[in-house]
Amino acid sequence: MPDVSSQGSGYRSRNSTADRALDILLLFDDDTLVLSGARVADHLQVARSTAYRYLQSLTSMGFLEENDGGGFRLGPRVLDLARLARKGVGLSDLAQPVMRELARTTGFPVLLTRRTGSAVVCLEREDANQALRLSYERGEILPLNAGAAALVLLAWAPDQVIDEVLDAPLPRFTEATITDPKQLRSRLAEIRDHEYVSSRAELDRDVLGIAAPVRGLGGEVVAAISVAALSHRISDEELPAVGQLVTKAAEQLSVQVGRMEIA
């Protein structure tokens, strides 16, 4: 067999076997889902018998498997590694580009929030071109009964969580905060019939929040994405247009979350 590592082919002589195995795996792409031994031999500039030894070694470790119609396709071990790689990507990492774009298009601060038990936690905040004091800061934990993002998360929470929240005293933040359990339960039912939620001055005075749910692969709500603005900056007539932008951002993030959850 020719010494490929000494012929300027790019393989590192200190570990040429591992390099060739990786090179075989990197031959796969959208247009190449099955590899033949001849293709691998030509690419590595080795005899076909040598190429088949590499392929069989990768197959024995689960990185490849024999294709019914001939050749080799990616095996289950590659899928396991892809699953582990996806687990290493957090929700905040996925959300940040979407949040930056939403802040750019609306000109308002954008928040990413998630429910933890019977409370809501702010995971990320992307500021825009306006200074705005909000109750939501990174790491801030607040009750679930006030604010657009919290109401989104509560509306799609399990029934047990909703009952626990409504059975406990509901804190009041402003004159507009809903503290009557029956009224809040009715509000949650209405929220589930709409794409987004708006909330004026229920958590912070003079602040309007608009939130939409971020869903996982099975449709469950895993987070909320929202914008916050001084209430007078968005009129009732302008609210639907901003709501659609928030909804679109939430849907984009939902697609990415769903991809990460595919095992």
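The following exercises, with worked solutions, concern a predicted model. In this predicted model, local features need pLDDT of at least 70 and side-chain atom pairs count only at pLDDT 80 or more, while totals for chains, interfaces and linings use all residues. Residues are numbered from 1 along each chain as its sequence is written, and side-chain values use heavy atoms, with hydrogens and water left out.

**Exercise 1.** Determine how the axes of helices α2 and α3 are oriented to each other.

*Solution.* Helices are DSSP runs (H or I, at least four residues), numbered from the N terminus. Helix α2 covers residues 37-44 and helix α3 residues 48-60; their axes come within 8 Å and cross at roughly 110 degrees. Axes are lines fitted to C-alpha atoms over the stretch in contact, and angles run from 0 to 180 degrees between N-to-C directions. Angles of 65 to 115 degrees count as roughly perpendicular, and α2 and α3 are therefore roughly perpendicular to each other.

**Exercise 2.** State whether Ser57 is buried, partly exposed or exposed.

*Solution.* Ser57 lies in helix α3. Buried means under 20% relative accessible area, exposed over 50%, and partly exposed in between (1.4 Å probe, protein chains only). With a relative accessible area of 36%, Ser57 is partly exposed.

**Exercise 3.** Identify the residues that touch the most other members of the largest nonpolar core.

*Solution.* A nonpolar core is a set of buried Ala, Val, Leu, Ile, Met, Phe, Trp, Tyr and Cys residues joined through side-chain atoms within 4.5 Å. Of the 33 residues in the largest one, Val120, Tyr136, Leu144, Leu154, Leu184 and Leu188 touch the most other members. Helix α6 gives the most to this core, with 8 residues.

Notes
Helix = DSSP H or I, 4+ residues; strand = E, 2+ residues; numbered from the N terminus. Parallel < 35°, antiparallel > 145°, perpendicular 65-115°, else oblique.
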